[in-house]
Amino acid sequence: MDAATMTKPAVLILLGPPGAGKGTQARMLEEKFGLVQLSTGDLLRAAVAASTEAGKAAKAVMEAGKLVSDEIVVNILRDRLAQPDCARGVILDGFPRTTVQAGALDALLAESGQGINAAINLEVDDAAMVTRISGRFTCGDCGEGYHDTFKAPVVAGTCDKCGSTNMKRRADDNAETVASRLVAYHEQTAPLIAYYKARDVLKSIDAMGDIDTIAADLAAIVKQATA
Ligand code: ADP
Ligand code: ADP
Ligand code: ZN
């Protein structure tokens with residue numbers, strides 16, 4: 001197959017407020033479609049844990065529930081996108097979060113002749129998002145996400161996927177920080193809905209239902225957008 005007939009890797013964006021279920025759905029899409037989940041939140045938490053320069057600059061901002069600078073986040077994403085596994089196609093989870101980031105992504109993709117297949121907006125109301133975030137925990141070993149009420153492990157405290165008992169709660173998943181994250185979402189990220197609508201790649205799904213119903217709706221959209 002020559003370069004001209006080769007299919008370009010798919011680029012899907014999951015939009016939605018914190019706690020909408022982006023990470024949960026992105027992991028399911030990874031399994032179903034062989035795509036790679038790129039979560040800037042996960043990449044930033046790794047940078048904080050490793051005490052890199054970017055991590056040191058991001059730490060306090062994340063703890064306050066504000067957005068990390070576009071420059072730091074775009075650099076982190078650019079490096080990750082350049083890794084070979086991304087040729088399988090990517091699901092961007094939590095990026096872009098500002099119109100500056102969206103412009104930077106367009107420029108980055110244009111360099112390799114790629115474009116956005118779909119930006120899928122998970123619609124949830126603010127109250128549901130607070131309930132989802134306040135019960136969230138994650139397996140510290142394999143990254144599987146859980147919820148006290150909505151997605152409890154089969155055996156309490158033990159990861160269904162890998163058997164680990166190393167469960168973690170995020171420092172920023174507290175009521176006070178959630179309020180700031182919600183403000184940041186409405187002021188800086190929600191305008192991306194119009195941004196992608198204007199580019200004709202916006203899809204919206206009702207994300208108030210249960211995890212499996214949303215996953216089925218999402219899979220149908222992804223199938224169509226990557227056909
Ligand atoms: P995001 O990545 O958008 O911040 P997560 O995927 O981490 O959101 O989900 C937030 C929390 O809500 C997690 O604890 C997750 O298990 C739970 N959750 C995800 N989707 C749903 C859903 N459809 N209904 C109820 N809880 C959900
Ligand atoms: P959520 O569950 O709220 O969607 P994430 O894990 O995506 O959380 O992000 C956690 C924090 O990391 C955010 O509150 C913000 O401080 C920072 N962050 C993640 N992605 C970005 C981004 N694209 N731009 C700026 N800050 C980001
Ligand atoms: Zn696990």
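Me: Which helix gives the largest share of the shell around ligand 2?
Reply: In this predicted model, that's helix α2, residues 40-49, which puts 4 residues into the shell.

Me: And which residues come nearest to ligand 2?
Reply: P18, T40, K66, Q101 and R181, out of 19 residues around the ligand.

Me: How does that shell divide into nonpolar, polar and charged?
Reply: You get 7 nonpolar, 4 polar and 8 charged residues around ligand 2.

Me: OK, what lies 3.0 Å from an oxygen atom of ligand 2?
Reply: A polar atom in the side chain of R97. R170 has a side-chain N or O atom 3.1 Å from a ligand 2 oxygen as well. Then there's G94, where a backbone N or O atom sits 2.9 Å from a nitrogen of the ligand.

Me: How much of ligand 2 does the protein bury?
Reply: 97% of the 550 Å² that the ligand exposes when taken alone.

Me: Switching topic: where does E144 lie?
Reply: E144 is in the loop that links β5 (136-139) to β6 (145-147).

Me: Is E144 buried or exposed there, and why?
Reply: Buried, because its relative accessibility is 8% and the cut-off for buried is under 20%.

Me: What does the E144 side chain make a polar contact with?
Reply: The side chain of K151, at 2.8 Å.

Me: Which other residues is E144 in contact with, leaving aside neighbours within four places in sequence?
Reply: Besides K151, the list has R27, F137, T138, C139, C159 and K161.

Methods: Residues numbered from 1 in each chain as written. Chains lettered and ligands numbered in written order. Predicted model: local features only at pLDDT ≥ 70, side-chain atom pairs only at ≥ 80, totals over all residues. Heavy atoms only, no water. Helix = DSSP H or I, 4+ residues; strand = E, 2+ residues; numbered from the N terminus. Buried < 20%, exposed > 50% of the residue type's maximum accessible area, 1.4 Å probe, protein only. Polar contact = N/O pair within 3.5 Å; in protein donor to acceptor, adjacent residues only side chain to side chain. Contact = heavy atoms within 4.5 Å. Near = heavy atom within 4 Å. Areas by Shrake-Rupley, 256 points an atom, 1.4 Å probe, with all protein chains shown as cover. Nonpolar A, V, L, I, M, F, W, Y, C, P; charged D, E, K, R; others polar.
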